[in-house]
Amino acid sequence: MPADTILKPMKILKTINNFFLSLKIMSGFFFVFILVACAGSLFLTQNLAFFSGIDETPLFRWLSENKNLKLIWWIYALIVLLGIIATGTIFCTIEGLLKRVNRKLLVAKLSPQIMHIGALLMLFGNLLTASAGFKADILLKAGEVRTVLEDKAVRLESVSVETDKNGYPTNWEAGLRWIENGSESVEHKISPTHPLYFGQYGIYSQAVSAGEKTALIRVCKDPGAIWALAGGLLLIAGGLGFFYSHFYVKPLSGRT
Amino acid sequence: MIFCGVGEEGRSLFYVMLLLIPAVLYAMGLSEGRKGGYFFSAAVIFHITTLILRGLELGALPFTEKHDNISLMALFLALFYYYFNKGKRIKHLDIISLPIVSVLLCIAASYEPLNTIPPFQKSPWFYLHSFFYSLGYALFGTAACIGVSYLLTGDAEHEGDQYKGAVIGWILFSVSLVTGGIWFFTAYGTYWLWTPKELWISATWFYYGLYLHLRLVKGFKGRPAAAIGIAGFCIALFTYFGLGTVIPCPPTQF
């Protein structure tokens, strides 16, 4: 076999490796990401009607239904940029973990990689949120049953509102039952920031009217949330390790 | 309630005055010698007292309203200035930091206290989010002030201090984003919305991530890194104050 046929792919692999391991190049992508995110904020504010449904369905489904590239190019750009940054992060993490290191410097070596893994998990969580998930806002009257999905329904039993002396609502509660495959749960109370979880579904109280005995509830399923949370916690843990090792143990060396 | 029989306007005016007194005292902290130290100490004590009074008035931790949140940010900025300055005496740091603290207090005073906490904000996660957000911002501010001092004096040690401040600020900012995400998820069933605010917060987080990475690149340490760090605080300030004023933000449910 000619040496060229082996060397050429090796050269290409090396070029790819150098590309994704270059902090300078990846920093460039970071910078472009920031610029695109800022530009996107302007598109959002200037096209409120167009973007009004973007938070109501998973992002990828919304993108498949809204194809006006002039208005949404920046979302595609953000996705591509995040993909490149994530790939660079994977390369950097693998390289960092493969290096041999003195046990004393273990925290210094591992903490940036823990941060990277945390960031990757956050991105993975966001990817799941953007591709799968469910969200429905339902207005219910007391005693009413509404179907959420094929075999899932919810029944509103009661509503109550607490107000201050000016009549401003300080808290409220909605009592409801979750019905799945025909079997009803016991009555549960939900209030702002105190949702109820049934399996992967969360039920959130958004508003109530004591006079009309109605409640606006939100039923959500977000498979990416737990991954994003795990990633966030890892990132913070790694960050603390990085701070400790960088400022109290040994400074890290420079890279190109 | 601290006041009985005093109108809403009287109470608001009282809290505006309460913030202007430490604002003046911090500015007087620039005085030479011990006198400056006494004024600074008096400002911190008075400032903490105002926050305690606001907490008593609200019946909750005074972190949520902009009036209190900016005041808390200013207090942390003052305390971090003291922490970084106490042993080393970073040249010009007082002239750079203390006026920013005073200006922040004046801005906080311009927001009228509302004294009502919406039901969705009555969550420990929201309080944690606001607390860590203020801490992170204050550290970004302190780091930027140290950066300006470095650019003026050229003392390399100060650039290291700027980096240190930005690193811990970024970690605390990340904590605030995680706690904020948990709060938002428990309130609305999602941890992300496509709003200008969310995009700018992400841009700020990425910008500081960029700064922390660039500092490791050969040739970026020193003046370029210091300038990038200072610009980061400008972006953070714009994210906090510019959205809704310079860039219109659609009304949201929170």
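A polar contact is a pair of N or O atoms within 3.5 Å; within protein, one of the two must be able to donate a hydrogen and the other to accept it. In this predicted model, seven residue pairs are in polar contact across the interface of chain B and chain A, both residues of each pair being at pLDDT 80 or more. Salt bridges between chain B and chain A number zero.

**The side of chain B**

Helix H6 (156–188) and helix H7 (196–214) of chain B each supply at least two residues of the side that touches chain A. H6(B) gives the most to this side, with 16 residues. The residues on this side of chain B divide by class as follows.

| Class of residue, chain B side | Count |
|---|---|
| Nonpolar | 34 residues |
| Polar | ten residues |

**Extent of the interface**

The size of an interface is often given as the accessible area lost when the parts come together. Between chain B and chain A, the buried area is about 4,700 Å², and carbon and sulfur atoms give 76% of this area. Of the area that chain B buries against chain A, B:Tyr191, B:Trp194 and B:Phe206 supply 17%, more than any other three residues. The contact takes 64 residues from chain A and 47 residues from chain B.

**Nonpolar cores**

The largest nonpolar core has 108 residues, and among those with the most contacts inside it are A:Trp74, A:Ile75 and B:Trp194. Leaving aside neighbours within four places in sequence, B:Trp194 is in contact with residues including A:Leu44, A:Trp74, A:Ile75 and B:Leu199. A second, separate core has 17 residues, including A:Val148 and A:Tyr201.

Methods: Residues are numbered from 1 along each chain as its sequence is written. Chains are lettered from A and ligands numbered from 1 in the order in which they are written. This is a predicted model: local features need pLDDT of at least 70, side-chain atom pairs count only at pLDDT 80 or more; totals for chains, interfaces and linings use all residues. Side-chain values use heavy atoms; hydrogens and water are left out. Contact means heavy atoms within 4.5 Å. Buried area is the accessible area (1.4 Å probe) that two parts lose on being put together, summed over both. A salt bridge is a side-chain nitrogen of Lys or Arg within 4 Å of a carboxyl oxygen of Asp or Glu. A polar contact is a pair of N or O atoms within 3.5 Å; within protein, one must be able to donate a hydrogen and the other to accept it, and residues adjacent in sequence count only if both atoms are side-chain atoms. Helices (H or I, at least four residues) and strands (E, at least two) are DSSP runs, numbered from the N terminus. Ala, Val, Leu, Ile, Met, Phe, Trp, Tyr, Cys and Pro count as nonpolar, Asp, Glu, Lys and Arg as charged, and the others, Gly among them, as polar. A nonpolar core is a set of buried Ala, Val, Leu, Ile, Met, Phe, Trp, Tyr and Cys residues joined through side-chain atoms within 4.5 Å. Buried means under 20% relative accessible area, exposed over 50%, partly exposed in between (1.4 Å probe, protein chains only).
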